2 protein chains.
Amino acid sequence: MGSSRDHRPPVMADVAKEAGVSHQTVSRVLNEHPNVRGETRARVLKAIDKLGYRRNLVARALVTKHSRTLGVVSFDTTLYGPASTVYGIERAARAAGYFVSIVSLKSIDRSGVRDALDYLADQGVDGIVVVAPQRSAAEALADLPVGVPTVAVEGGEAGDVSVVCVDQVEGGRIATQHLLSLGHETVWHVRGPSDWLEAEGRVAGWRAALALAGREAPEPLAGDWSPRSGYEAGRSLASMRDVTAVFVANDQMALGVLRAFTEREVRVPGQVSVVGFDDIPESEFFSPPLTTIRQDFGAVGRHSIEVLLRQIEGRSPPAHERLVVPPSFVFRASTARP
Amino acid sequence: MGSSRDHRPPVMADVAKEAGVSHQTVSRVLNEHPNVRGETRARVLKAIDKLGYRRNLVARALVTKHSRTLGVVSFDTTLYGPASTVYGIERAARAAGYFVSIVSLKSIDRSGVRDALDYLADQGVDGIVVVAPQRSAAEALADLPVGVPTVAVEGGEAGDVSVVCVDQVEGGRIATQHLLSLGHETVWHVRGPSDWLEAEGRVAGWRAALALAGREAPEPLAGDWSPRSGYEAGRSLASMRDVTAVFVANDQMALGVLRAFTEREVRVPGQVSVVGFDDIPESEFFSPPLTTIRQDFGAVGRHSIEVLLRQIEGRSPPAHERLVVPPSFVFRASTARP
DNA sequence: AGACCCGTTGTTAACGTTCACAGTCTTGCC
DNA sequence: GGCAAGACTGTGAACGTTAACAACGGGTCT
């Protein structure tokens with residue numbers, strides 16, 4: 001009956017014809033415009049249903065200039081921290097009716113971040129979240145592309161973008177104070193890579209707590225977040241005489257440290273106490289279960305979307321807001337009195 | 001000089017005027033059409049550079065009907081497996097010049113998957129990758145939305161979509177055979193949740209290997225992938241007399257099992273041998289380092305994009321292709337002769 | 001020399017939606 | 001009964017790009 005063969009999906013005009021109204025009325029129904037007669041609305045909805053019409057968001061974006069898509073730039077989303085943060089971001093964004101377009105970077109260089117931002121800006125995203133834990137990434141935000149609202153996660157003092165982060169310094173302080181309060185003379189530290197702001201923050205907290213207690217800070221051992229680097233640091237520590245407490249900058253490295261201690265028959269927490277950072281799901285089942293500092297990645301993700309949307313919807317000045325999520329302490333079995 | 005105040009970004013027409021050509025010529029330069037005189041191209045490029053022009057991909061998508069965006073539907077991207085797979089997908093897609101739009105699901109139900117697929121289809125993605133490890137997710141693929149090419153990762157025998165997966169059965173077989181070949185009388189199994197196809201596959205492989213060796217299969221213990229569930233299974237196993245070998249369906253649960261054994265002073269591999277599955281980065285540093293089956297998630301991600309692009313670009317029939325990635329065996333210190 | 005082809009450029013019309021504005025039809029009120 | 005206000009609906013023009021086709025010029029072939 002009629003023009004037959006419709007090999008292409010129906011458009012608004014088709015619905016309009018079917019319902020005997022104009023395309024504009026269909027648009028109004030779709031956008032929940034108040035001034036549409038109930039009977040008309042029903043007819044349009046029926047036509048939509050009958051034809052299986054779905055609105056074309058691309059055409060819509062062209063005219064409204066809003067894609068309802070958010071961009072996310074992140075590093076190695078294989079790691080638990082970034083993965084959890086991105087997960088939180090995605091859920092919060094979708095709850096707010098936004099799509100999420102992701103770019104994962106392998107290289108840490110400044111131009112990589114620039115490229116990713118340009119790439120997303122080209123795509124027409126309404127806003128961007130940059131999970132920028134490295135100093136170089138944070139710096140790349142200084143010279144942002146065009147006028148697209150941006151929020152940095154773990155972004156230090158970056159340019160004039162808003163920042164959402166966990167209070168790393170406080171976390172380092174809590175970990176160190178815990179060990180000192182147990183009676184340890186001093187606390188050693190296995191740190192993360194120097195390019196990472198999180199690593200710096202934890203070092204700073206550790207230093208501050210030691211200074212406050214009037215203790216000398218030993219030379220920190222360098223790690224790269226991987227269990228292997230923790231293992232190597234652990235071997236070094238095991239061969240030293242006066243080590244009784246270690247604060248390790250993340251749980252994965254702490255696992256490596258524990259492994260090295262086990263091999264050298266250093267008992268934890270009998271001879272040495274160990275504190276980690278992150279509280280990955282595995283930590284509770286290490287041998288021994290790891291005392292650690294928990295980061296609420298989900299909250300970080302949610303907050304970053306809140307801040308970003310407030311900026312997009314113009315309810316907030318583009319000025320740099322700074323939202324700090326507190327870490328929490330998780331006491332398990334890897335720490336004890338010396 | 002001229003119309004002043006350009007508060008809106010330049011468009012193709014602006015570039016055309018600046019370069020003294022038609023907008024179509026600008027389009028040709030941008031799309032690397034061969035028939036443009038070198039001198040003209042140079043002039044256009046200069047104008048683009050001068051005005052800071054960036055092409056509007058939304059407008060382009062409207063007319064070409066291609067968004068150069070791929071959709072990814074996944075479950076809990078906090079877990080190492082899904083996170084790594086999605087990471088591989090994202091990298092491969094971007095290398096091929098595609099954006100990636102992600103939807104993470106929490107609920108496992110069929111309608112959740114349907115909604116996600118509709119959601120992505122609305123957005124106008126060119127293709128979809130569904131990381132569908134659960135049976136219910138795989139089933140949701142049976143009644144796909146419209147004509148958008150789709151690939152399932154770990155998707156079982158799902159409908160008529162293509163599937164890329166790791167050979168779980170083979171993995172289970174290898175793990176079990178390894179333990180049998182060491183001389184263990186039989187092999188116990190801590191399995192994943194029954195809704196997961198991967199869990200089923202590993203069980204099947206374990207059963208097959210035992211059957212081949214003419215051994216009775218003990219009742220498998222149920223887990224939910226979490227370290228805690230492994231811990232509980234481990235406590236059960238520790239209280240049994242005749243257990244000398246356990247194949248645990250993933251490394252996280254294996255960690256829980258190891259923890260339970262440590263608490264009950266069951267020595268690994270002295271009294272009991274343990275094999276895991278996945279080879280997460282931590283496994284090498286468990287106590288003892290875990291013998292396990294490695295899944296190459298990166299390869300899975302890359303292959304899924306390959307298959308999908310082949311389908312999108314019409315170089316392949318929409319029929320169900322099936323690409324199986326072999327697992328590999330990683331021998332460490334948690335297994336030994338009884 | 002004329003026909004023809006090909007490389008190069010321009011002109012016009014889509015793509016499917018929303019926005020701005022102009023109608024038309026009620027309704028209520030004097 | 002007339003008139004204005006407001007509810008409802010329709011018309012035309014954007015949005016910024018690519019596709020299709022036409023037009024022009026210069027060269028080659030017969």
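What follows is a short briefing on the chains, their sheets and the DNA strands.

Keep in mind that this is a predicted model. Chain A can be laid on chain B with an RMSD of 0.2 Å, using a turn of 180° and a shift of 0.1 Å along the axis. The two copies are thus related as by a two-fold rotation axis.

**How the two chains meet**

- The contact involves 37 residues of chain A and 37 residues of chain B.
- On the side of chain A that touches chain B, the elements giving two or more residues are α4, α5 (80-95), β2 (99-105), α6 (110-123), α10 and α11 (251-263) of chain A.
- Sorted by class, that side of chain A has 16 nonpolar, 13 polar and eight charged residues.
- If you want to find the rotation axis, look for Ser101(A): of the residues of chain A, Ser101(A) comes closest to it, at 2.2 Å (C-alpha).
- Both copies use the same surface, as 100% of the contact residues of chain A recur in chain B.

**Around DNA strand C**

- You'll find 25 residues surrounding DNA strand C, and the closest are Met12(A), Ser27(A), Ala59(A), Gln24(B) and Thr40(B).
- Two or more residues of this surface come from each of α2 and α4 of chain A, and likewise from α2 and α4 of chain B.
- The biggest giver here is α4(A), with five residues.
- By class, the surface near DNA strand C splits into 10 nonpolar, 11 polar and four charged residues.

**Around DNA strand D**

- DNA strand D is surrounded by 26 residues, with Thr40(A), Met12(B), Ser27(B), Asn56(B) and Ala59(B) the closest.
- The class tally for the surface near DNA strand D is 10 nonpolar, 12 polar and four charged residues.

**The sheet in chain A**

- Chain A has an open sheet of four strands in the order β7-β6-β8-β9, and the pairing is parallel.
- The edges are taken by β7 (221-222) and β9 (273-275) of chain A, each with a single partner strand, so one side of each has no neighbour in the sheet.
- Strand β6 (residues 188-191) of chain A runs parallel to β7(A), and two bridges join them.
- Across that pairing, Val190(A) stands opposite Leu221(A) in β7(A).
- Helix α9 (residues 197-212) of chain A lies across β6 and β8 (245-248) of chain A, at about 170° to β6(A).
- Helix α10 (residues 227-238) of chain A lies across β6, β7 and β8 of chain A, at about 155° to β6(A).

**The sheet in chain B**

- Chain B also has an open sheet of four strands, again parallel, in the order β7-β6-β8-β9.
- Its edge strands are β7 (221-222) and β9 (273-275) of chain B, and each pairs on one side only.
- Three bridges link strand β8 (residues 245-248) of chain B with β9(B), the two running parallel.
- In that pairing, Phe247(B) has Val275(B) in β9(B) as its bridge partner.
- Helix α11 (residues 251-263) of chain B lies across β6 (188-191), β8 and β9 of chain B, at about 145° to β8(B).

Note on methods
Residues are numbered from 1 along each chain as its sequence is written. Chains are lettered from A and ligands numbered from 1 in the order in which they are written. This is a predicted model: local features need pLDDT of at least 70, side-chain atom pairs count only at pLDDT 80 or more; totals for chains, interfaces and linings use all residues. A residue is near a molecule or strand if its C-beta atom, placed from the backbone, lies within 6 Å of it. Ala, Val, Leu, Ile, Met, Phe, Trp, Tyr, Cys and Pro count as nonpolar, Asp, Glu, Lys and Arg as charged, and the others, Gly among them, as polar. Two strands pair if DSSP finds at least two bridges between them. Two residues are in contact if their C-beta atoms, placed from the backbone, lie within 7 Å. Axes are lines fitted to C-alpha atoms, for helices over the stretch in contact, and angles run from 0 to 180 degrees between N-to-C directions. Copies are superposed by least squares on the C-alpha atoms of residues with pLDDT of at least 70 in both.
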